[in-house]
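Here is a briefing on one structure. Look over the sequence and the model first, then read the points below.

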Amino acid sequence: MVVTRKWIYVKPFEGLPKDENFKLEEEVLPEPADNEFLAEAEFLSVDPYMRPYMASYPVGSLMIGGQVAKITASRNDSFPVGSYVFGNFGWRTHTIVNPDKNSGDSKPYLLPSFGRHPRSLGVGVLGMPGNTAYFGFLELCRPKEGETVVVSGAAGAVGSVVGQIAKIKGCRVVGIAGSDEKCEWLRKLGFDATINYRKVGQDGFGAALKEAAPKGVDCYFDNVGGYISAAVLGQMNLYGRISVCGTISNYNDARVQVSDPQREFVFKQLCQEGFIVTRWTKRWMEGIVQNLRWIEEGKLSYQETITEGFEQMPKAFVSMLTGGNTGKAVVKV
Ligand SMILES: NC(=O)c1ccc[n+]([C@@H]2O[C@H](COP(=O)([O-])OP(=O)(O)OC[C@H]3O[C@@H](n4cnc5c(N)ncnc54)[C@H](OP(=O)(O)O)[C@@H]3O)[C@@H](O)[C@H]2O)c1
């Protein structure tokens, strides 16, 4: 008999998530039926999107999310016992999965071999966040050698990879992050300049950006929105490209921080496009293979902030939303 533990969304979020929003429950699972397998979570992801997305789920829903899991029982030849899988199974330790019932971008897939690197990268640089950086930056910013690229949320799972890919492409890279330690790490990764936005504050941000990007900004990869993005927009060069990946500055606080930015788009003839990474589901393995190749070549580094214990999921989630992570935030069961 297998008992799964699972985190249920029991109260709508208001502001920053709190303990009262979550409840840990147990459920007895049946044996896998024909075509099904049993997946035992090893690493679970906590991601910013869970905060805005859960708002559209009814109370009582399982918390959504991806995980790397081991297959411990199977009646599906394509998912044999002992192999590892990535799946969007939610915040739960054990899951009975029928892969054919999941469609399109939420289909589970066998984890490719990461060589000497940890399987946890399957929820990080060799999974959704890495692919968000790879496709969202290269396809929408279309960086050219010598250009200036600014990345907000730069020391996180997505941003740290974007900045390093920009360096691989020969760009000058400016990273914006929330602490001196994070900025120091970014410079070690090869970022040319960094801004600790918490230190310079909203009033000092424009001047700090001018100093960090004296030739203006050609590409902006935006993870945060709000006043940081308004200031970057004001320093974009003619024909600049902006990839809007996320707006974490307003996930827990919906107050409007900035005024209408449209005139920048007109007079600088900017191109801005938002995206969801599942747009590139058909090319998913291309991103993983290329990011792994860059890791092997020593051109792409990763860091993880790992929290031990499934019961710590809410704590790890809130810590990530408030900047407690450097690189990818992961929970080890
Ligand atoms: N479009 C897509 O398909 C897609 C896919 C994945 C992720 N995303 C988005 O990409 C962004 C980054 O995701 P991630 O997984 O890489 O998370 P992450 O950057 O690893 O973690 C979140 C980080 O956001 C920063 N942050 C929190 N509040 C902030 C604020 N008010 N202003 C500026 N920064 C703030 C914190 O770092 P500091 O210490 O620097 O503040 C925190 O560490 C999120 O907006 C997410 O929604 C989009």
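The face of helix H8 turned away from its buried side carries Met285, Val289 and Arg293, which are exposed (12 or fewer other C-beta atoms within 10 Å of the residue's own, with C-beta atoms placed from the backbone; buried takes 20 or more). This is a predicted model: local features need pLDDT of at least 70, side-chain atom pairs count only at pLDDT 80 or more, and totals for chains, interfaces and linings use all residues. Residues are numbered from 1 along each chain as its sequence is written.

**Helix H8**
- H8 covers residues 284–296 (helices are DSSP runs of H or I, at least four residues; strands are runs of E, at least two; both are numbered from the N terminus).
- Its buried residues are Gly287, Ile288, Asn291, Leu292 and Ile295.
- These fall within an arc of 125 degrees seen down the axis of H8, so they line one face (the arc is that of directions from the helix axis to the C-beta atoms).

**Ligand shell**
- The ligand is surrounded by 29 residues (C-beta atom, placed from the backbone, within 6 Å).
- The closest are Gly156, Val158, Gly178, Gly246 and Gly323.
- H3 gives the most to the shell, with three residues.

**Sheet**
- Three strands form an open sheet in the order E2-E1-E4, with antiparallel pairing (two strands pair if DSSP finds at least two bridges between them).
- Strands E2 (22–29) and E4 (61–62) stand at the edges with a single partner strand each, so one side of each lacks a neighbour in the sheet.
- Eight bridges join E1 (residues 2–9) to E2.
- Trp7 has Leu24 in E2 as its bridge partner.

Methods:
The expected span of a helix is 1.5 Å times one less than its number of residues.
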